[in-house]
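Good morning, and thank you for making time for this presentation.

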Protein chains: 2
Amino acid sequence: MASRSDTKTRILDAAEKLFAERGFSETSLRLITSKAEVNLASVNYHFGSKKELIRAVLARYLDVFMPLATDELKQLKAEKQHIPLEQVFSVLVNPLLELNKLRPDGTTLFLQLLGRGYIESQGHLRWFITTHYGEHLSFFVDAVSESVPEIPKADMFWRLHFTLGTIVFTMASADALMEIAAADFNEQNDIEAVIRKVIPYMAAGVNAPQLTA
Amino acid sequence: MASRSDTKTRILDAAEKLFAERGFSETSLRLITSKAEVNLASVNYHFGSKKELIRAVLARYLDVFMPLATDELKQLKAEKQHIPLEQVFSVLVNPLLELNKLRPDGTTLFLQLLGRGYIESQGHLRWFITTHYGEHLSFFVDAVSESVPEIPKADMFWRLHFTLGTIVFTMASADALMEIAAADFNEQNDIEAVIRKVIPYMAAGVNAPQLTA
DNA sequence: GTCTATACGCGGATAGAC
DNA sequence: GTCTATCCGCGTATAGAC
């Protein structure tokens, strides 16, 4: 365990790169272990299954991101009584960009992995995130509710899930969308630019006028 | 080809039901063919591959839905010069509900299949839909642009893709969301209710105020 | 033309030796 | 902890029966 980093980390590093490039189902454990130069069976020894490996890859980011986001939000709450909705969403930008210090291109990697993971793995990732980071999520959801208190709880439930869909899908296809925008509109975007485009959309959606039908 | 419906239709019917229930990757051809009581190899004979079977399942709905939606939109355009954005989205409701006449629970099945398909199959379904139904899509996109002409084309590109994410993710998880809403808020929703909830969200998002950063 | 039996290669997972 | 050998289910391809 000296000259080369330990097996577990080697697997995580190789898996994260391949998952982000090719997606989860298109990335076999045989490919991961050959790139990481470890034995195939070591994945099952260290992680138990491919699904748990996926969760572990995401957890390395979530463990950094979630506390950062909560701290930033707490600080803002201490400063002002009422936070405009769009600003609640904007709180997430700095913690996301901090992930670039964790690993090169960390922000993009994390958001792609999160988007693809949420989308490809019907259920198990949703469960993992809500059980392991539930307090952070509740804190954020509460802040959103407080910023637009006139929206009923049930409506807020739906609109926050619409928002989840927006962000997850956008991040999963961010690469393709940036390519199209470059080709068709001569726009050069990075992941931060995309985040800043989607925030006003989500804020307007959550705060949409009520139906009276 | 007399006493029981033909093999091709038996496969499509069984596949559509299983795909909607369990998703595409979780549904094996062996399961489909055993439920349909046909031979495994007949899928390859009639459809060529699993991907093409998925496309064929969706095509049965799209071939009905797309012309209906275009007709409805053309009729509305003939009636009034300027159509409010939310009304452009609402045009899709009746064509969607018409699918219930095609098959029992057709609307729900179609939207679940579309959502899951767009999400699970990175690319091939997107390509299939844009090449086979491109004119219908362009007609709809143009109507959206005309209803909010002040939004630049590039911004509209991003916002329509955000909208795609919203609708696709919502429909793919509609069952789970309706269950949660029933348990937590004592709300009884069907798929039409969900559609009518998401339309104001999307309309507000597309029409969100511009950033001036 | 339509259907069937069968086989190939690849996927994730695991038992057991070291 | 690590490695080999092996298992079973998957999508796919094909030879040949009807």
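Which part of the atoms of DNA strand C within 4 Å of the protein belongs to sugar or phosphate, and which to bases? In this predicted model, sugar or phosphate accounts for 56% of those atoms, and bases for the rest.

Some conventions are needed at this point. Residues are numbered from 1 along each chain as its sequence is written, while chains are lettered from A and ligands numbered from 1 in the order in which they are written. As the model is predicted, local features need pLDDT of at least 70, side-chain atom pairs count only at pLDDT 80 or more, and totals for chains, interfaces and linings use all residues; side-chain values use heavy atoms, with hydrogens and water left out.

Let me stay with DNA strand C. A residue is near a strand if one of its heavy atoms lies within 4 Å of it. There are 14 residues around DNA strand C, and Leu29(A), Arg30(A), Lys50(A), Thr7(B) and His46(B) come nearest. His46(B) places a polar side-chain atom 2.8 Å from a phosphate oxygen of DNA strand C. For the side chain of Tyr45(B), the distance from an N or O atom to a phosphate oxygen is 3.2 Å, and for that of Asn44(A) it is 3.5 Å. Two or more residues of this surface come from each of helix H2 (29-36) and helix H3 (41-47) of chain A, and helix H3 (41-47) of chain B. Helices here are DSSP runs (H or I, at least four residues), numbered from the N terminus. H3(B) gives the most, with 3 residues.

I turn to DNA strand D. It is surrounded by 14 residues, the closest being Asn39(A), His46(A), Leu29(B), Arg30(B) and Lys50(B). Of the atoms of DNA strand D within 4 Å of the protein, 54% are sugar and phosphate. H3(A) supplies the largest share of the surface near DNA strand D, 3 residues.

How are the two protein chains related? Chain B superposes on chain A by a rotation of 179 degrees with 0.0 Å of shift along its axis, at an RMSD of 0.2 Å, by least squares on the C-alpha atoms of residues with pLDDT of at least 70 in both. The two copies are thus related as by a two-fold rotation axis. Of the interface residues of chain B, 100% are also interface residues in chain A, so the copies meet through the same surface.

Thr163(B) counts as buried (under 20% relative accessible area, with a 1.4 Å probe and protein chains only), because its relative accessibility is 6%. Its side chain makes a polar contact of 2.9 Å with the side chain of Tyr201(A). Beyond its neighbours within four places in sequence, Thr163(B) is in contact (heavy atoms within 4.5 Å) with Tyr201(A), Phe89(B), Met202(B) and Val206(B).

Technical notes:
A polar contact is a pair of N or O atoms within 3.5 Å; within protein, one must be able to donate a hydrogen and the other to accept it, and residues adjacent in sequence count only if both atoms are side-chain atoms. Buried means under 20% relative accessible area, exposed over 50%, partly exposed in between (1.4 Å probe, protein chains only).
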